[in-house]
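Good morning, and thank you for the time on the agenda.

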Amino acid sequence: MRLTVIGCSGSFAGPDSAASCYLLEGEQDGRTWRVLLDLGSGALGTLHRYVDPLSIDAVLLSHLHPDHYFDISGLYVMWKYHPDGARPPIPVWGPRGVAAQCARAYGLDPASGMSAEFDFHEYDDQPIRLGPFTIRPTRVVHPIAAYGLRVEADGRVVAYSGDTGPCQELVDLASRADLLLCESAFVEGGDNPVDLHLTGKQAGATAAEAGAGRLVLTHVPPWHDPAVLLAEAREAFDGPLEAAVTGSTYDLG
């Protein structure tokens, strides 16, 4: 399983990165499967640098804030109007109401929306199986319905926090993960709203309690210095630690 950071800017696209989007690739049945975790503002353009977007097999949206799903509109245009012809629909997973919200984002009638291009599904308590991947969504703490995603393939585990405040659900999601991709939008000592985002120190504490093998901080807003968040995380986590950067890849074997 390979993880590539496509976009990692928090809350909106920044000068050095699109908003949240992460590409997972894995091999099965003699071919490469490609799944996106989130497709936030500006990410579709960046995705072209790394793979042909037409090769994507599925999209999993952690929640329905624009910095995590808004470029589904561009993917819809590719699927519907590509000069090589309309593409077969692919699955798009998300919280309750995902199909209607994506339709509204492009000004479509929610009754029909993007249903010819995408096969929409809403998260429940069942694992999702896509090629070599087994994905287990877990509800986390955020002002709207939001999910962390645990992805397993070939005995390896990537845990993705999505957007969340501190919660036991995230610790459980990340238990013994090889890599925890964890949001870190707040700094310690700030006037931080509760149940919205994590500080670097809270992300580090989550990784330590979960026994994660590696911690990658992401979703850092452009107004924060990632070095500050990394220093906070290091106070609580003594394993491999770094900040997500567009184009970074992690081969988990």
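Let me begin with a question: is Val194 buried or exposed? Val194 counts as exposed, because its relative accessibility is 71%; here buried means under 20% relative accessible area, exposed over 50%, and partly exposed in between, with a 1.4 Å probe and protein chains only. Some conventions belong at this point. This is a predicted model, in which local features need pLDDT of at least 70 and side-chain atom pairs count only at pLDDT 80 or more, while totals for chains, interfaces and linings use all residues. Residues are numbered from 1 along each chain as its sequence is written, and side-chain values use heavy atoms, with hydrogens and water left out.

Val194 is found in the loop between strand 12 and helix 6; helices (H or I, at least four residues) and strands (E, at least two) are DSSP runs, numbered from the N terminus. The C-alpha atoms of Val194 and Ile128 are 66 residues apart along the chain and separated by 30 Å.

I turn to the interior. A nonpolar core is a set of buried Ala, Val, Leu, Ile, Met, Phe, Trp, Tyr and Cys residues joined through side-chain atoms within 4.5 Å. The largest one has 29 residues, and the members that touch the most others are Met1, Tyr22, Leu37, Leu60, Phe133, Ile135 and Leu179. Strand 10, residues 146-153, contributes the largest share of this core, four residues. Another core, of 28 residues, lies apart from it and includes Leu23, Val51, Leu54 and Trp79. As for Leu60, its contacts (heavy atoms within 4.5 Å), leaving aside neighbours within four places in sequence, include Leu37, Trp93, Tyr123, Ile135 and Leu149.

Which residues of helix 6 are buried? They are Gly200, Ala203, Gly204, Thr206, Ala207 and Ala210. Seen down the axis of helix 6, these buried residues fall within an arc of 160°, so they line one face of the helix; the arc is that of the directions from the helix axis to the C-beta atoms. The cover over them includes helix 5 (168-173), strand 12 (179-183), strand 13 and helix 7. After helix 6 comes Gly211, with a positive phi near 70°.

In helix 7, residues 226-234, the buried residues are Leu229, Glu232 and Ala233. They line one face of helix 7, because they fall within an arc of 100° when seen down its axis. Helix 6 (200-210), strand 13 and strand 14 (241-243) are included in what covers them.

Helix 4, residues 98-105, has Val98, Cys102 and Ala103 buried. Down the axis of helix 4, the buried residues fall within an arc of 130°, so they too line one face of the helix. They pack against helix 2 (66-69), helix 3 (72-81), strand 6 (90-94) and strand 7 (118-122).

Most residues other than glycine have a negative phi. Ser11, in the loop between strand 1 and strand 2 (18-19), has a positive phi near 75°. Ser11 counts as partly exposed, because its relative accessibility is 35%. Asp154 also has a positive phi, near 55°, and is found in the loop between strand 10 and strand 11 (156-160). With a relative accessible area of 58%, Asp154 is exposed.

Finally, the largest pocket. A pocket is an open set of points, on a 1 Å grid over the protein atoms alone, where a 1.4 Å probe fits, with protein on both sides within 12 Å along at least five of seven lines; lining residues have an atom within 4 Å of a point. How much space lies in the largest pocket? About 300 Å³, where a volume is the space filled by probe spheres set on the points, joined across faces, edges and corners. Of the 18 lining residues, Cys8, Asp16, Ser17, Val220 and Pro226 are the closest to its centre. Strand 1 (2-9) and strand 13 (215-218) each supply at least two residues of the lining.

Thank you; I shall be glad to take questions.
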